[in-house]
Amino acid sequence: MGFHILVLAGGSGTRLWPLSRRSTPKHLLALAPGGETLLRATLERVTGLAGSIRVVTAADQAPGCQAALAGLGIDGDSIIEEPEARGTGPALALAVALIYREDPDALIASVHADHRVSDGAAYRAAVVASAGWASATDGLATVGLVPTAPVTGFGYIEVAAPRDPHRWLPPAETPPEVAARAAALPAFEAAGFKEKPSASIARGYVEDGRHFWNLGLFSWTARRFRSELVAADPELFATIDQVADARLRGDHDLATRLYAGLATQAVEPLVLERTERLTVVQASFGWSDQGSWLDVGQSRSADGDVDRDGNVLEGDVVLASARNCTVVSRSGRLVAVAGLDGIIVIDTPDAVLVVSSDQAQLVKEIVETLRASDRDDLL
């Protein structure tokens, strides 16, 4: 049973406009500590854990992904191209189908390319623990992060009875020091997913100790995922198999046409929320999905990349009596900010964003307005 890691590098990160565009989606932005792209940082974090690591991305993003991974040993054969963006459900189903044809007994972990993590060792142990529980239970497993605040914009997962730690099995390729740390992580039966609760409910989740943040870090065997998929959506299962077979025959036109007919859906409601064989691994590490410019500013502040007035700055920036601002200049121009508190300014060659930190999620509405106005040149 080989261990394979899939790195999901899809999406556009619309809340990080104007820096994030179709040609430079969130995972290809230099937002990781040290100025790396989030994708490259993710690959470096999981290198050495599995026999194979592959990037799953949209076809039009594949060249950018390959360029970002230069020097890491990730060649074109290690990139699985989704013909068109159809969400994590079809994307993972296709990747699993292709791996299954090479290795029917494969153990697979899926991680996201656009997350920022402050403790790589704890993250690695959690991914390995998840994979080990998927193998031990012939089921599916996920990582649940202990919440540090009652965040209403995150998904949560509730846990029930603890798993017997003696049942856990490390993947064969796991380095001993990672396996030892993974074995010590608590694991539980899953009781259900809870999406974006109200503030009062989220506070209760933090206090009860039974609800963790859902990070979208999943593991399963290829056989078990396919079994769960055919039970959940037999038509999708059949089409994905046709797409995989067409691709392996070299008939990419047929594969693209078949895939284009699929509905867009996330893997959670498609498979994870339906299964009765889900294990949750409890983990704790610094994490952000970099879902908005507020998240980016907070991550950089936590790393100490902040001045004495709480400002996060990049590029040619001058401030006067400004506090708690995030100001990024990628245009080559000087950006000056005076007398403001809690403002985000992102300056690029063809667009400037100015938004209050507490309204950072509204950037998505700007993108939707531009799209409705056919301003594709800015997207």
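Reader: Which residues does S299 touch, not counting residues up to four places away in sequence?
Author: The model is predicted, local features need pLDDT of at least 70, side-chain atom pairs count only at pLDDT 80 or more, and totals for chains, interfaces and linings use all residues. Residues are numbered from 1 along each chain as its sequence is written, and side-chain values use heavy atoms, with hydrogens and water left out. Contact means heavy atoms within 4.5 Å. With residues up to four places away in sequence not counted, S299 touches R116, S288 and Q290.

Reader: Is S299 buried or exposed?
Author: S299 is found in helix 11 (residues 293-302); helices are DSSP runs of H or I with at least four residues, strands are E runs of at least two, and both are numbered from the N terminus. Buried means under 20% relative accessible area, exposed over 50%, and partly exposed in between, using a 1.4 Å probe and protein chains only. S299 has a relative accessible area of 10%, so it is buried.

Reader: How many disulfides does the structure hold?
Author: A disulfide is a pair of cysteine sulfur atoms within 2.5 Å. By that criterion, the number in the structure is zero.

Reader: Why is helix 1 largely enclosed by the rest of the structure?
Author: Helix 1 spans residues 38-46. Its buried residues are L38, L39, A41, T42, L43, R45 and V46. Their cover includes strand 1 (3-9), strand 2 (52-58) and helix 4 (120-137). Helix 1 is largely enclosed because the buried share of its residues is seven of the nine.

Reader: What is the phi of G48, which follows helix 1?
Author: G48 comes after helix 1. Its phi is positive, near 95°.
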